Amino acid sequence: MTTLYVSPHPDDFRSLLALLAAEYGPSSRPQIITEDPPASLNARSRPALVLAAAGDGESLVSGATAVSWYLAFQGKRAGLDAKQQSQVWQWLSFADNELTPVSCAVVFPLMGLQQSSRAELMRVLKVLDQALAPRTYLVGESITLADMAVAAAVLLPFKYVCALEPSDRKAVTNVTRWFTTCINQPQFLKVLGEIVLLFHAIVMFPLSGPPKTEAQLKKEAKKREKLEKFQQKKEMEKFICEVLKIANIHGKSSVLIPLPDSYSPQYVEAAWYPWWEKQGFFKPEYGRKSISEENAKGIFMMCIPPPNVTGSLHLGHALTNAIQDCLTRWHRMRGETTLWNPGCDHAGIATQVVVEKKLMREKGMSRHDLGRENFIREVWKWKNEKGDRIYHQLKKLGSSLDWDRACFTMDSKLSYAVQEAFIRMHDEGVIYRSKRLVNWSCTLNSAISDIEVDKKELAGRTLLPVPGYKEKIEFGVLVSFAYKVDGSDEEVIVATTRIETMLGDTAVAVHPADARYQHLKGKMVLHPFCDRKMPIVFDDFVDMSFGTGAVKITPAHDHNDYEVGERHNLAFINILDENGLLINVPPPFLGMKRFEARKAVLQALKDRGQFKEIKDNPMVVPVCSRSKDIVEPLLKPQWYVDCRDMGKEAADAVREGRLKIIPDHHLKTWFNWLDNIKDWCISRQLWWGHRIPAYFITVNDPSVKPGEDMDGHYWVSGRSEEEAREKAAKRFNVSADKITLRQDEDVLDTWFSSGIFPFSIFGWPNENEDLQVFYPGTLLETGHDILFFWVARMVMMGLKLTGKLPFKEVYLHAVVRDAHGRKMSKSLGNVIDPLDVITGISLEGLHAQLMDSNLDPVEVERAQQGQKSDYPNGIPECGTDALRFALCAYTSQGRDINLDVNRILGYRHFCNKLWNAVKFAMKTLGDNFVPSEKVQESVSDRWILSRLSAAVTLCDAGFKAYDFPTITTAIYNFWLYELCDIYLESVKPVFSKAEEDSTSQRQALVCRQTLYTCLEVGLRLLSPLMPFVTEELYQRLPRRKPQSDPPSICITSYPTTEEFCWNSEEVDRDMEFIMTIVKTIRSLRADYNLTKTRADCYLQCIDSATVSLVQKYSLQIQTLSYSQAVIPLTANQPVPEGCAVAIASDRCTVNLMLKGLIDVEKEVAKLMTKKGDLEKQMEKLREKMGKNDYKEKVPVKVQEQDAEKLRQSQIELEKVKEAMDNFRKMI
């Protein structure tokens, strides 16, 4: 018989959900019991479902979500297929995380605990209302568990609180309709009864507490009747505090809740961020009258690398923000005036592509159907609806940004700065008009920057999909064909990977030193498809050893050929239009699509007998990262920035030490790029972005020659058309009425606005307080992959437009790769969403994400195999703090980070260790503990304070040097190995004997003060890296100066070496020696399986000084080694018989008394069996390795594994023999 244990209270919405699911379950309803489950079941909370298993056994399902899912699934109310089941899970999460907290919050004013959260409730209900607009039920066409969970969650405000006034209900009519439909179903009526929407308060039933011991249950059973009302009241208070925590409205009230038994990231990270933000801790104004107020500790300013408005969080963002937030929080805790300025990039191409796809999907329209102005309105509409998603994700990471200063690169303030920058640089001649080769995407109809070009490496012949073509296109082959030499029977054989471009050839090039072609100087070759004669030119760029040593030259469609064409004054024939159709070519190729022409040209060459061969050729294909189109070099008139002088200034700033780049191995890249810098193409053929404030001039005067697009003299820039007209009239010395202007249709490259981001965010060119105080900034932290795309351009434009460097230092972090060192790639299935690491995700959930991607079925299958290999059980919940700590721990100053999720999980366990340490400490300190200044310590106290000081020193040096692994290692070692494993264990006897006499009390008091200092300082050290868990724990500690200490750990002072200068090399050295003895005793105990038995330990010391040291630390040795007694002996004193012996060091030998503690003959027999097993294993291995063909047939890796197994078995066998000899001596 299945039994369901629920609460007797009519308003425990968790139990109500389980009861509703039971009503919709199979015909055999479970037996309902309104009592706690029997203690033997170890059920953590109600509801709990006991399932009658086959035979006599029983199994338990506990918790509202698990119980209701089981019952609903049995009743086929959990979704009809995988998609619906996923949707049901989403609504369960919505009910738990969004609706339940705010529903509970609205009833708190009735209890005098909190202000009403009706506005927040309405926000959540409107989300629900929108989802319900097109449907009767949340999932599918009938009631599912989704409806039950959400209805139970919204029950409180509908049933008890007059929070939904007529106007409110009108705003959520779909919710009201749906709720009324649900509660009038027979199953709902049976569980809930008739719902009357009245206003009255009722005592709510609390969340279940932690599991209780059997003794507690017995005691409570005896007193249940007498204490029922009292218990309900107490648990109600606990429930309210817990829901306050979940509801994100508590401020610091969560510290009233007893510290839960174990660490839960979801619990800890639920509420602190809104409180920090509300208190203004992240603002530079906090704690001071004005940002201009002089601060002796200095100013720290850093701007965020603005993420794309289209973006969602990936591990690159997580790494960037973990590092930046750690640095920001550290500087803030140092007392500096600190600003980390957020912002978002308009991401021209990416955003336009997203909105165009949306338009086509939803309305079947292109941007051209809408027109430019209407399309721009659609983009703004999308931005206002979806564009702040990345901000919410950054908050989830704990990023302490000043959100009041958040900037968007298309905001009016920043747009004005962009316009001003262009006009000033254009007027100065730094920006100019020119027709050159650009990276062209035929799909986007726009030039794109180098960073938007993916270089796809091919090993040989490969078929690739190209937008606009039904069949895949062949790449990775080299086609050879011949050009006939004019006036002779000779021919010159050339080769190309893009055969269609031969239609635009205007020369053949050979090396000046190539003897094979010297006789062809001054000769011409004939184009096979037109009457074009092409010179044979001699140029050093040709590689004589490649192919025939002759190269076809297409100046208008190849970057190298362009330079050859410039050097030899060749014709530039453009054969492609903006859409990739052939122009300026003879029939039948005219008007063909470029890759259809590829086949046609090849066939035509074969027909004329000029085709020679085709063979595989490793190559790199340029692919547009946005459109996946093959990028074409195309001649287009564009706007360029002359970077020669600016590049030299930026390089000199580093050479002269005015700008520091860390780590310095990036200097080579910096100098190489800037010393050989090319002019920067800044125009893009898009609609979304900063439209170029340049105008083409037409002069309506016959005396003025009409201009050409290429001629910069006929272009003028201006802040308005009127200003531009005045400039033009003055230039051509005519009246303004004779000037006609046409504004350039193009927009500026996104990197242009990003290049002035450090000062445009502060309102440049207009003078204001923020610009005066925070520009130049202190630091720029970003990935090394955008060193010259963004960092160098910010430096160049900062120097050009403001005369100042935008920052003093640049710290470049590594690129994140997977645990195997592979680049993150969707097709490999190794791309990790940081939110999945924070909250956890199943393997099925990871697979589902792939199904929603744009991968083809073959790639999906490969990616799923990769996920199954790397995450067979999915990704466990690790939490934000653990993720941040792991990313910082990985950030050595190298180029790559190989991120292993299992290591992140290890840091989650570290958080649990912190949690337990503070929980133990709170119990040990007691309710009346008052922190005091430093007191006289014991040897253990002096040692842990020495180690604390060492950790402070390491952290201080690490932050100053951007050495994050040093910081994380120092903190991790202090908390885990020194504080928890050694100090806390060694002082437990002190606390257990605290009340025996006045001496013991005094010792315990000293230990408490030391423990408090370690916890308080240790949390402050850790706070920049793990802000959530440290805040939660810090708020529970008493304060040294309650009236004046800061309210949050994030604005408390960071520990300094001046304050914590207790490091003692002597104490550290002594304790290191003592721990060597402890580890030796532990090793002996393990060898002889003394798990619970305490043994006497005789420590034979080399001299009296060592004896004194051992006596001094005897209590610590006894406690940490689990020994019965610790007896120091001089070298001359005899050791009793029956001891196992091990050498701890050259100063001390450990003798562990075993006589009388173990059954010697039994132990010898066990060891004999183990010895026999080991010898058999070794014999088999030797036989396998001794075969004649072993070295030839067995892989090297397996051979190495076999050799290691043999070596380990040999060591183990020697230990077994040694143990047997020792035991026999005792018989």
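A search of the whole structure, which is a predicted model, finds 49 aromatic pairs. Two rings of Phe, Tyr or Trp (its six-membered ring) pair if their centres lie within 6.5 Å; planes under 30 degrees apart count as stacked, over 60 as edge-to-face and the rest as tilted.

Tyr391 and Trp403 form a tilted pair, with 5.0 Å from centre to centre and 55° between the planes. Tyr391 belongs to helix H17 (residues 389–396) and Trp403 to the loop between H17 and strand E8 (407–408), so the pair ties together parts twelve residues apart in sequence. Helices (H or I, at least four residues) and strands (E, at least two) are DSSP runs, numbered from the N terminus. Both Tyr391 and Trp403 are buried, that is, under 20% relative accessible area (1.4 Å probe, protein chains only).

The ring planes of Tyr811 and Tyr962 meet at 15° and their centres are 5.0 Å apart, so this pair is stacked. It links distant parts of the chain, 151 residues apart: Tyr811 is in strand E31 (residues 809–813), and Tyr962 is in the loop between helix H33 (939–960) and helix H34 (964–992). Tyr811 is buried, with a relative accessible area of 1%, and Tyr962 is buried at 7%. One aromatic cluster contains Trp330, Tyr811, Phe959, Tyr962, Phe964 and Tyr1054.

Charges also sit over rings (NZ of Lys or CZ of Arg within 6 Å of the ring centre and within 35 degrees of the ring normal).

| Charged residue | Ring | Distance to ring centre |
|---|---|---|
| Arg329 | Trp276 | 4.8 Å |
| Arg903 | Tyr890 | 4.3 Å |

Residues are numbered from 1 along each chain as its sequence is written, and side-chain values use heavy atoms, without hydrogens and water. Local features need pLDDT of at least 70 and side-chain atom pairs count only at pLDDT 80 or more, while totals for chains, interfaces and linings use all residues.

Definitions and conventions: Buried < 20%, exposed > 50% of the residue type's maximum accessible area, 1.4 Å probe, protein only.
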